[in-house]
Amino acid sequence: MSDPLSLTFAALADPTRRAILARLSEGDATVNEIAAPFAMSLPAVSKHLKVLETAGLITRSRTAQWRPCHLEATPLKDANGWISNYRHFWEASFDRLDDYLKELQAGDRDKKS
């Protein structure tokens, strides 16, 4: 699985990784800060971070002894763009359903009159 979109969706498939991204949307954090709310070991959190890093969703840097993780939004923007291609399809489908329901309701009113 080497294309960026597949890596993004694979990374987002896990609720722990989505929670990590939500935390990083509030600002950079260290591995210990990211791990704090989870009932898992630091190596387990590090594995999740590696998946996110491979997908390009986070970067890690080094400032002295502080190694912050940083959210990278571009892959999320790309995923949103891909999903948006289908938004038109769903909106049109819902519009047709709405029209059909209005026809049914109008038919019911005609029968009652």
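Which helix gives the most to the nonpolar patch? Helix 5, which spans residues 74–112, does, with ten residues. Helices here are DSSP runs of H or I with at least four residues, strands are E runs of at least two, and both are numbered from the N terminus.

A quick word on the ground rules. This is a predicted model, so local features need pLDDT of at least 70 and side-chain atom pairs count only at pLDDT 80 or more, while totals for chains, interfaces and linings use all residues. Residues are numbered from 1 along each chain as its sequence is written, and side-chain values use heavy atoms, with hydrogens and water left out.

**The nonpolar patch**

Back to the patch, then. About 1,100 Å² of nonpolar surface is made by Phe9, Trp82, Ile83, Tyr86, Phe89, Trp90, Phe94, Leu97, Tyr100, Leu101 and Leu104. To join a patch, a residue needs over 30% relative accessible area and no salt bridge; nonpolar side chains (Val, Leu, Ile, Met, Phe, Trp, Tyr) are linked within 5 Å, and like charges within 9 Å. The areas come from the Shrake-Rupley method with a 1.4 Å probe, and for residues only the protein chains shown count as cover. Tyr86 is one of the patch residues and lies in helix 5. Its relative accessible area is 42%, so Tyr86 is partly exposed; buried means under 20%, exposed over 50%, and partly exposed is what falls in between (1.4 Å probe, protein chains only).

Helix 1 (residues 4–12) meets helix 5 with axes that come within 10 Å and cross at roughly 100°. That makes the two helices roughly perpendicular. On the helix 1 side the contact is made by Leu5, Thr8, Phe9 and Leu12, and on the helix 5 side by Pro75, Leu76, Asp78, Ala79, Trp82 and Ile83. Contact means heavy atoms within 4.5 Å. The axes are lines fitted to C-alpha atoms, for helices over the stretch in contact, with angles from 0 to 180 degrees between N-to-C directions. Under 35 degrees counts as roughly parallel, over 145 as roughly antiparallel, 65 to 115 as roughly perpendicular, and the rest as oblique.

The other crossing pairs helix 2 with helix 4 (residues 42–54): their axes come within 10 Å and cross at roughly 75°. Helix 2 is therefore roughly perpendicular to helix 4. Thr16, Arg17, Ile20 and Leu21 of helix 2 touch down on His48, Leu49, Val51 and Leu52 of helix 4.

Thr16 sits in helix 2 (residues 15–24). With a relative accessible area of 16%, Thr16 is buried. Beyond neighbours within four places in sequence, Thr16 is in contact with Phe38, Met40 and His48.

How many salt bridges does a search of the whole structure find? Two, where a salt bridge is a side-chain nitrogen of Lys or Arg within 4 Å of a carboxyl oxygen of Asp or Glu.

| Salt bridge | N to O distance |
|---|---|
| Arg60 and Glu53 | 3.2 Å |
| Lys102 and Asp98 | 3.3 Å |

Lys102 and Asp98 are four residues apart in helix 5, so about one helical turn separates them. Lys102 is partly exposed at 48% relative accessibility, and Asp98 is partly exposed at 36%.

Arg60 belongs to strand 1 (residues 58–60). Leaving out residues up to four places away in sequence, Arg60 touches Val31, Ser46, Leu49, Lys50, Glu53, Pro68 and Cys69. Arg60 and Leu71 are eleven residues apart in sequence, with 9.1 Å between their C-alpha atoms.
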